[in-house]
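Keep the structure open while you read.

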Amino acid sequence: MTAETSQTLDRGLRVLKLLADTDHGLTVTELSQKLGVNRTVVYRLLATLEQHALVRRDLGGRARVGLGVLRLGRQVHPLVREAAMPALRSLAEDIGATAHLTLVDGAEALAVAVVEPSWTDYHVAYRAGFRHPLDRGAAGRAILAARQKAPGDPGYTLTHGELETGACGAAAPLVGVTGVEGSVDVVPERVGKRVVEAAREVAEALR
């Protein structure tokens, strides 16, 4: 810690990170041990975070991430979209197909940025805000595949007709971006290597 930083804020953020990394929540005692502070400090941190709906405690006293985090998370999408647009625009123009960035939203894949090519008469329509299950379509399947792969081995995923009859898709996951799980997707399956390159450009823009 430096003189310019807040120890209390730092501890509060560490609490949120610890809770985000567990599915079953943490007790005050567990948080106290992980943070290396006494239980009184943890109680105060949790009480403050609860006031802002960033933390909730169940009937058993275990603390979990609160719904207020979702409201903060929604504001991330415009920033991610802005960072991704140059790579998506380049990809769409290079191959003459709609390119889009998809992020994980619960159990679904959510398109947060879409770029259509300017020079083709026909391309598959795709809109920002479109949702589909993670296990359907190239965008979601690429994200699921990335969860099973070793770091540095993004690869790409091809699908045919899973979201729209006759439409092929090629998607590559974003790799090495802390806190962001997503993929870059285009329609023609022949461009797998190019979509991997675009996903790498988006990931670099988000780091």
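Axes here are lines fitted to C-alpha atoms, for helices over the stretch in contact, and angles run from 0 to 180 degrees between N-to-C directions. The model is predicted.

Q: How many helices and strands does the protein have?
A: Both element types occur in this protein. The count is seven helices and eight strands.

Q: At roughly what angle do the axes of helix α5 and helix α7 cross?
A: Helix α5 covers residues 76-95, and helix α7 covers residues 192-206. Their axes come within 8 Å. The crossing angle is roughly 160°.

Q: Are α5 and α7 roughly parallel or roughly antiparallel to each other?
A: The axes cross at roughly 160°. Angles over 145 degrees count as roughly antiparallel. Therefore α5 and α7 are roughly antiparallel.

Q: By class, which residues make up the contact of α5 with α7?
A: On α5, the contact residues include Val80, Ala84 and Leu91, and also Asp94. On α7, they include Val195, Ala198 and Val202, with Arg194 and Glu201 among them too. The tally is eleven nonpolar, one polar and three charged residues.

Q: What percentage of the residues of the protein count as buried?
A: Buried means under 20% relative accessible area. The protein has 207 residues. The buried share is 40%.

Q: How much of the accessible surface belongs to carbon and sulfur atoms?
A: The accessible surface of the protein comes to about 11,800 Å². Carbon and sulfur atoms hold 52%.

Methods:
Residues numbered from 1 in each chain as written. Predicted model: local features only at pLDDT ≥ 70, side-chain atom pairs only at ≥ 80, totals over all residues. Heavy atoms only, no water. Helix = DSSP H or I, 4+ residues; strand = E, 2+ residues; numbered from the N terminus. Parallel < 35°, antiparallel > 145°, perpendicular 65-115°, else oblique. Contact = heavy atoms within 4.5 Å. Nonpolar A, V, L, I, M, F, W, Y, C, P; charged D, E, K, R; others polar. Buried < 20%, exposed > 50% of the residue type's maximum accessible area, 1.4 Å probe, protein only. Areas by Shrake-Rupley, 256 points an atom, 1.4 Å probe, with all protein chains shown as cover.
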